[in-house]
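Please read the points below with the model at hand.

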Amino acid sequence: MADKIRGPVRKETEQDPRTPHYDNATGGWGSLTGIGRILGDAKPSAAALKILASQNKPKGMMCTSCAWAKPADPHTFEFCENGAKATVWELDRARVDREFFETHRLTDLRGWHDHDLEKSGRLTEPMKYDAGSDRYLPVSWDQAFAEIGRQLNAIQPQEAVFYSSGHAGLEASYLYALFARAMGHQNLPQSSNMCHETTSVNLQTFIGTPVGTCTLEDFEHCDTIFFFGQNTGSNSPRFLHVLKAAVERGCRIVTFNPLRERGLIEFVDPQNLTQMTVGKTTKISERYYQVRPGGDVAVLAGLIKCVLASEEVASGTVIDRAFIDAETTGYEEMIEATRAFSWDEIERNSGLTRAMIEEAAEIYLSAEKAIGIYGMGLTQHVNGWLNLGMLCNLLLMRGNIGKQGAGISPVRGHSNVQGQRTVGVGEKSAHMPAEKLQQMFDIKAPTQEGLNAVRACEGILKGSVKAMVCLGGNLIRALPDRTRMEKAWPSLDLTVHIATKLNRSHLVPGRAAFLLPCLGRTDKDIQATGPQVVSMEDSLSNIYGSLGQADPPSESCMSELAIICGIAKATLPGNPKLKWDDWTANYDLVRDLIAETYPDDFGGFNERMFEPGGFYRGNPARNRNWQTESGKAQFTTPTTLSALGEVPQGSSVMTLITLRSNDQFNTTIYGFSDRLRGLEGSRDILLMNPDEIARLGLVEEQKVSLRCAVEDGHDRLVENLTLTAYDLPAGCVAGYYPELNPLVPLEYHEKNSQTPAYKGTPVEVIS
Ligand SMILES: Nc1nc2c(c(=O)[nH]1)N[C@H]1C(S)=C(S)[C@@H](COP(=O)(O)OP(=O)(O)OC[C@H]3O[C@@H](n4cnc5c(=O)[nH]c(N)nc54)[C@H](O)[C@@H]3O)O[C@H]1N2
Ligand SMILES: Nc1nc2c(c(=O)[nH]1)N[C@H]1C(S)=C(S)[C@@H](COP(=O)(O)OP(=O)(O)OC[C@H]3O[C@@H](n4cnc5c(=O)[nH]c(N)nc54)[C@H](O)[C@@H]3O)O[C@H]1N2
Ligand SMILES: [Mo]
């Protein structure tokens, strides 16, 4: 259908003369063609278009792709290219059933590309690995639950780890977190540990909340938006509509990113037929600065110096002194340390000139209300804490947190990644209060802090972790240090994967290994009391119900919630207060438990499931209620000007950025077209500035290898990458996640949260 649509070919705009090869802006015809390609490719059922029509609307299905907010007054098509891809990918008619596994041994499947594994279709029945034949063989649900329960009881609770990728709804996630604690551990790592954990840990320290402070309404009032390291066009495209509307009413957007990412440059509105037919674009960023990876600390230091200089000239008019005095601590130390950095150092670390930073500062200073947005470009660095600290500093100086039209807004990844943490998925006791566990379930909560993703990996390498249960995700591909992790994985006593589609992690079984097929969010979830709704929380803390509409891929698929209850019941000793069967029969009961456990966030949960725009669970920092140690917002004193860790010296050492294309969702590779960057056909590429290619004596299109430059006794190498000239700052290279994950050392992570430094790994290029 959409395949037949062809858009007008336009000339490159004046604004973006350098971004290569691609003739259409973000959104617009290009994205409809992308959907068409996917619709053709993944053999969707007839339900696909119906589901898409209700996607992200009240009583519809909430997108399984990103976590961007769903507005109260949705567009006709309240989905983007990537949301449609995610839906259609899940509605796949192909099946990975017992015949598939009879045909393919795991050894053979390990030779397949990630794309081909998932494209083989939906998983249909529970399977257990048989080492003798090297195949997955069918097993009944009862037998699977009983054997998993036996295995979990054969180890100490602290030796089990329950991972979740941020897909599963609040109901299943709450019960998963409850199950872990009832068993006696809180080893509950989550995908956010590789993602926005930098946010959860550090924002809590700085402003007393683990999440962002903005609502959709703030974007209607802000005068400027400062964007750091978030690629809206690929990763949260519906947000582009909000940005476009902001620009159209005069909001000024300033972006810092080593790559010139198309969506932040210009946008064609796929909802607006006039724009589409005449090919008109909206310029998104008024200024776009190609900062060096890790250089944002220096940029922010420069901006803060400009604010201080301006205050000196017009004393009492630039900084918000009343706010600083009443609401914050640490201001004097912060400005003293920032003043001490020279412009020379700032220019060197940021890769930008003083004049550029002054130009950006002028925009910041012209605005009464400013929002700071960020993504993985700030969080996935060793000094990610300082990136966030400096951004908070800049905002706090002018009172830009806790007022309408202002705030700090991390853009989250998985559709329910933030919500899972809200309902107890996390390694700390604070995630699920002990007194509630005692009072509601007669459970004595574990006191020992649990393992996050990096700590769980260390446990696997040491042998202190013996069982991995994975509620979705693809850790073998998503984790750092793949070679080391993949080698250690088979020594686990038990691996359990609850999944919709086959991926690489399922092909690395522990001594006992189960692959359990679950319903996806698009599927109807019918239990004893009828159809069930699941719920999720978006990046801006709104909570929505989601109703699946498609027939499940097979009668043997179970819901995530039912699988968790099945395993829990088979594992835990009887406790009349743990009503796993009742909860499976009626998810309303689980929402009542969530509301009882977290009354401030979830009061009246069941009645509020379908409020247009979701229901907002509030944020204390938004009201200048700072739940920090001091009771005030905390300025951060900079100790260095770079977000990078210790970098080995040498002119051949480059900083590696790992990137996502718009044709993937994390480790799910839909295809090989990174259309918005004009890169087609292969993901085994290495991007480098043409001048750097010449400086290192290399030539375009040649094959190169990359070696990690951290010397710790482990050799980390990825071979056979095609060197591709690309507009990048000097001193860095870029390539794709997950292909380049073997290069990132497990130990190379953000200081306070252990978020892997996927955007700042030192490497050397070998020809
Ligand atoms: N289509 C699609 N959508 C997705 C995903 C997906 O894989 N595909 N993944 C989802 C998930 S889980 C997440 S967490 C989000 C991720 O969404 P983002 O936060 O956008 O993450 P990335 O695409 O990894 O990187 C973001 C940007 O950071 C820039 N960058 C790299 N290093 C630096 C730096 O040092 N400074 C600055 N300023 N910028 C830097 C990169 O050039 C890139 O444009 O997207 C979610 N949405
Ligand atoms: N080098 C590098 N590595 C990175 C990153 C990076 O930027 N660079 N980003 C990191 C980030 S931000 C993240 S969030 C992680 C992502 O890490 P994960 O969340 O672990 O990985 P995903 O690729 O999202 O997981 C995909 C799998 O989830 C399963 N799945 C899909 N839908 C469902 C569902 O509804 N239910 C269940 N149970 N299973 C489902 C399917 O089997 C699919 O194969 O990767 C991290 N790794
Ligand atoms: Mo993420």
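The numbered points below take up the pocket, a helix, the cysteines, backbone angles and some contacts.

1. Basis. This is a predicted model, in which local features need pLDDT of at least 70 and side-chain atom pairs count only at pLDDT 80 or more, whereas totals for chains, interfaces and linings use all residues. Residues are numbered from 1 along each chain as its sequence is written, chains are lettered from A and ligands numbered from 1 in the order in which they are written, and side-chain values use heavy atoms, with hydrogens and water left out.

2. Largest pocket. Its volume is about 910 Å³. A pocket here is an open set of points on a 1 Å grid over the protein atoms alone, where a 1.4 Å probe fits, with protein on both sides within 12 Å along at least five of seven lines; lining residues have an atom within 4 Å of a point. Grid points are joined across faces, edges and corners, and the volume is the space filled by probe spheres set on the points.

3. Lining of the pocket. Which residues lie nearest the centre of the largest pocket? They are Gln 204, Pro 210, Ala 430, Asp 601 and Arg 617, out of 26 lining residues. By class, 8 of the lining residues are nonpolar, 11 polar and 7 charged. In this scheme Ala, Val, Leu, Ile, Met, Phe, Trp, Tyr, Cys and Pro are nonpolar, Asp, Glu, Lys and Arg are charged, and the others, Gly among them, are polar.

4. Where the pocket sits. Helix 9 (197-207), helix 20 (417-422) and helix 28 (599-602) each supply at least two lining residues, and the largest share, 4 residues, comes from helix 9. Helices (H or I, at least four residues) and strands (E, at least two) are DSSP runs, numbered from the N terminus. The largest pocket lies between domain 1 (95-194 + 416-614) and domain 2 (197-414), because both give residues to its lining. The domain bounds come from an automatic or database domain assignment.

5. Helix 19. Is helix 19 (residues 384-397) buried or exposed? Of its 14 residues, 14 are buried, so helix 19 is largely enclosed by the rest of the structure. Buried means under 20% relative accessible area, exposed over 50%, and partly exposed in between (1.4 Å probe, protein chains only). At 1.5 Å a residue helix 19 should span 20 Å, which agrees with the 20 Å between its end C-alpha atoms; the expected span is 1.5 Å times one less than the number of residues. Just after helix 19, Gly 399 has a positive phi of about 65 degrees.

6. Cysteines. With a disulfide taken as a pair of cysteine sulfur atoms within 2.5 Å, the count is 0. The sulfur of Cys 80 has its closest cysteine sulfur in Cys 63, 6.2 Å away, which is too far for a bond. Cys 732 is in no disulfide either, as the nearest cysteine sulfur, that of Cys 708, is 16 Å away. Cys 80 counts as buried at 13% relative accessibility, and Cys 732 counts as buried at 0%.

7. The loop between strand 32 (732-736) and strand 33 (761-766). Pro 738 is placed in this loop, and the peptide bond from Tyr 737 to Pro 738 is cis, with omega near 5 degrees. Gln 754 is also found in the loop between strand 32 and strand 33. Gln 754 has a positive phi, near 65 degrees, in a residue other than glycine, and counts as buried at 11% relative accessibility.

8. Asp 442 lies in the loop between helix 21 (434-441) and helix 22 (453-462); its phi is positive, near 55 degrees, and it is not a glycine. Arg 455 is found in helix 22 and is partly exposed, with a relative accessible area of 32%.

9. Thr 87, in helix 3 (residues 81-90), is buried at 0% relative accessible area. Its C-alpha atom is 9.4 Å from that of Gly 520, 433 residues apart along the chain. Gly 233 lies in helix 10 (residues 232-235) and is buried at 6%. Gly 233 and Glu 261 are 28 residues apart in sequence and 7.5 Å apart in space, C-alpha to C-alpha.
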